[in-house]
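The tour goes stop by stop.

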Amino acid sequence: MFRLSIYTIFLLFINSLVFSDGLKVLNGDAHQEMMTSYLRNLTYEAFDLREAAYEELKTDAQLLEHQSRMKQFFIDQLGGFPERTPLNAQITGKLSFDDYRMEKIIYESQPNHFVTAVLYLPEGRAPYPAVLFPCGHSNNGKAEEAYQRSCILLAKNGFAVLCYDPIDQGERYQLLKPDNTPLIGGTIGHTMAGVGSILVGRNTAMYRVWDGMRSIDYLVSRDDIDANRIGCTGNSGGGTLTSYIMALDERVACAAPSCYITTLRNQAPQDAEQNIHGQIAFGMDHADYIMMRAPWPTLMCTATRDFFDIKGAWYAFRQAKRFYSRLGFAERMNLVETDMTHGFSTQLRVGMTRWMLRWLRGIDAPITEPDFPILADEQMQCSEKGQVMLMQGARSVYDLNLELEEKLAQQRKSFWADNPVDKVLDKVRELAGIKALEEFNADIEIDERQKWNDFYVNKIILKPEPGIALPALFFTTGSDNASNEVILYLNDKGKDAALEEIEGYLREGKKVFAVDLRGVGETVRPSDGKGFNLHFGMGWQDYFSAYMLDKTYVGMRTGDILDCAQYIQLLSVEDKPLKLHLVSYGETGPSALHAAALEHDMFASVKIKNSLISWSNVIHNTMNRNQLINTVHGALKYYDLPDLAALIPEEKLSIENPVDALGEPITE
């Protein structure tokens with residue numbers, strides 16, 4: 001180990017201030033959008049292929065095969081569904097009004113996974129047609145004014161309506177503080193749950209869709225509901241769930257998703273449940289949620305000034321309308337647009353209700369929405385203490401993911417015991433999407449050597465594929481007697497974030513190749529340090545774009561590391577075989593572990609510092625910070641990071657200061 005005096009450390013600090021900006025490799029700020037542009041171009045290519053495939057759907061057989069293929073893919077990517085278990089429904093309260101009444105209900109979509117809902121019931125003779133109403137992203141869930149108004153309007157027009165709280169909203173916040181108030185919720189809560197769900201091969205949407213399907217189970221179990229006349233509608237996040245449920249549950253005879261359907265071709269990713277693994281690569285767009293259910297009646301409710309792009313909505317509508325037309329049911333697919341911003345506005349509520357009347361009650365007549373009283377949040381409360389996680393034995397989605405992970409741990413153990421290493425590593429490559437090691441052919445740009453302190457540095461741009469530029473600094477001593485050892489240096493804060501450490505290696509006679517992997521250092525997206533950026537990292541939207549393209553950052557960055565390693569190997573001379581040492585900090589650690597496990601002969605040593613070293617820890621910790629970028633869908637079915645570490649010879653591997661899912665040091 002090298003030691004630095006206080007004076008030397010001071011000089012290095014001053015030096016870092018002087019040289020840090022001077023060590024910038026890429027020009028301008030456009031490179032901060034590098035990954036966004038790269039993934040957008042891949043998205044356009046995928047959608048061009050999808051468009052061509054869509055135009056080939058002509059015959060009834062082709063249309064039906066498309067529906068079946070899409071539906072099976074969708075279910076598989078959600079992670080499949082649990083078994084149907086007893087709902088154990090209980091009515092916890094009743095309210096009566098002039099021309100409708102309400103029942104407060106709690107049931108279990110999975111054992112001890114409680115759902116709070118309000119059932120609006122109309123006056124008149126039962127059985128009633130019923131509408132399932134999944135809520136959008138309102139903090140108070142079913143108590144949101146627009147959702148109460150929607151349900152009351154439907155009830156006044158002869159429909160039973162079941163409106164239920166989504167997880168992390170209303171009475172179903174999954175994580176509570178010691179004072180029993182929500183720790184996190186809404187879209188952040190959905191995505192936090194999504195991080196662990198991804199690792200076990202699920203999606204937050206699986207829990208959300210299953211809640212909806214079990215809610216329909218509850219409706220059809222009642223004697224006062226007509227099981228053959230079930231509708232579904234919801235706005236925003238409820239529009240997402242309506243789209244999913246109507247596509248996957250054949251009991252939905254009529255649907256009206258609001259303020260959601262557009263096209264992923266030009267829509268930025270949203271929270272976890274709105275991004276289905278591999279869907280862009282497979283060719284599944286928003287329009288397919290409608291086409292999967294054709295020819296059942298479907299109305300798109302849209303807003304001109306919505307952040308869900310209205311041009312994309314019309315694109316999706318046209319594709320779905322043509323699909324319905326080819327099946328001979330053009331009149332069953334329609335769209336209503338209001339000149340409003342995002343939200344379930346009066347015009348959309350009225351349009352939705354008329355659609356339900358037409359197809360579920362056989363009534364085609366103009367209606368209006370009168371004013372009526374709205375209940376306060378506490379009046380809509382179903383549970384005794386206002387949160388289901390305070391009920392005896394309650395289980396959250398985190399508990400359900402943990403239960404699955406504990407089963408998968410045994411599956412992983414058997415998989416490794418029953419298969420040769422080559423087969424195991426093939427599975428690792430497949431899941432993470434790591435390209436096979438081929439002859440090095442990346443484009444390289446090298447600037448002239450510059451003096452840096454007592455040493456020298458070259459600025460290098462390595463371009464492993466179109467659209468990707470990895471900025472690197474190659475530090476050398478300038479001495480002919482220098483060591484043949486090179487440090488491949490990765491730091492999630494950037495290649496020049498720890499110049500004193502780099503100088504220490506140089507004083508030992510080693511060379512240092514410091515590189516920013518994609519989405520790191522010079523290519524990282526700017527952050528406001530709040531909300532999603534705070535919890536999930538600055539590149540969370542790029543992560544989800546890659547996720548829908550069936551690509552992982554772990555896999556892409558592993559490829560970057562191996563490309564850099566191959567380039568460095570080319571610098572060796574015959575009489576001085578090169579010894580390459582891999583040093584990785586923080587977020588780059590999981591990719592470094594993958595690279596070293598797959599190609600450990602390339603590295604003389606591997607040092608992983610300040611890094612997450614267990615995906616299982618993410619599941620057990622519940623809360624996590626900045627771990628999304630390093631998740632691999634379904635990885636825990638087959639391997640965890642310690643399995644990779646075990647493949648690296650013990651004398652080569654050093655793991656220092658490992659951290660948990662929140663970035664806190666592991667002291668055990």
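How many bridges join strand 7 to strand 8? Select residues 252–258 for strand 7 and residues 298–305 for strand 8. The two strands run parallel, and 2 bridges join them. For a landmark in this pair, pick Ala 255: Thr 298 in strand 8 stands opposite. Keep in mind throughout that this is a predicted model.

**Backbone stops**

Which residue does a cis peptide bond join to Ala 126? Pick Pro 127, where omega is about 5°. Pro 127 sits in the loop between strand 3 and strand 4.

Move on to Ala 294 and Pro 295. A cis peptide bond joins them too, with omega about 10°. Pro 295 belongs to the loop that runs between helix 9 (286–291) and strand 8.

Next, select Asn 112, in the loop between strand 2 and strand 3. Its phi is positive, about 60°, although Asn 112 is not a glycine. Asn 112 is partly exposed, at 30% relative accessible area.

Jump to Thr 622 for another positive phi in a residue other than glycine, here near 70°. Find Thr 622 in the loop between helix 19 (615–621) and helix 20 (641–645). With a relative accessible area of 22%, Thr 622 is partly exposed.

**A buried threonine**

Select residues 34–55, helix 2, and pick out Thr 43. Is Thr 43 buried or exposed? Thr 43 counts as buried, because its relative accessibility is 6% and the cut-off for buried is under 20%. Show its contacts beyond four places in sequence: Thr 43 touches Leu 264, Arg 265, Ile 280 and Leu 549.

**Two helices crossing**

Two packed helices are described by the angle between their axes and the distance between the axes. Select helix 13 (residues 421–432) and helix 18 (residues 589–598). Their axes come within 11 Å and cross at roughly 145°. The crossing of helix 13 past helix 18 is left-handed.

Show side chains at the contact. From helix 13 come Leu 425, Val 428, Arg 429 and Ala 432. They meet His 594, Ala 597 and Leu 598 in helix 18. The residues of this contact divide into 5 nonpolar, 1 polar and 1 charged.

**Salt bridges**

Side chains of opposite charge can pair when their charged atoms come close. Across the whole structure, a search finds 41 salt bridges.

Start with Asp 217 and Arg 251, whose side chains meet at 2.6 Å, N to O. This pair links distant parts of the chain, 34 residues apart. Asp 217 is in helix 6 (residues 204–220), and Arg 251 is in the loop between helix 7 (237–248) and strand 7. Asp 217 is buried, at 10% relative accessible area, whereas Arg 251 is partly exposed, at 24%.

Then select Asp 226 and Arg 229, a salt bridge of 2.8 Å, N to O. Asp 226 counts as buried at 18% relative accessibility, while Arg 229 is partly exposed at 25%.

End at Asp 364 and Arg 358, whose side chains meet in a salt bridge of 3.5 Å, N to O. Asp 364 counts as exposed at 53% relative accessibility. Arg 358 is partly exposed, at 31% relative accessible area.

Key:
Residues are numbered from 1 along each chain as its sequence is written. This is a predicted model: local features need pLDDT of at least 70, side-chain atom pairs count only at pLDDT 80 or more; totals for chains, interfaces and linings use all residues. Side-chain values use heavy atoms; hydrogens and water are left out. Two strands pair if DSSP finds at least two bridges between them. Helices (H or I, at least four residues) and strands (E, at least two) are DSSP runs, numbered from the N terminus. Buried means under 20% relative accessible area, exposed over 50%, partly exposed in between (1.4 Å probe, protein chains only). Contact means heavy atoms within 4.5 Å. Axes are lines fitted to C-alpha atoms, for helices over the stretch in contact, and angles run from 0 to 180 degrees between N-to-C directions. A crossing is left-handed if the near helix is turned anticlockwise from the far one by less than a right angle, and right-handed if clockwise. Ala, Val, Leu, Ile, Met, Phe, Trp, Tyr, Cys and Pro count as nonpolar, Asp, Glu, Lys and Arg as charged, and the others, Gly among them, as polar. A salt bridge is a side-chain nitrogen of Lys or Arg within 4 Å of a carboxyl oxygen of Asp or Glu.
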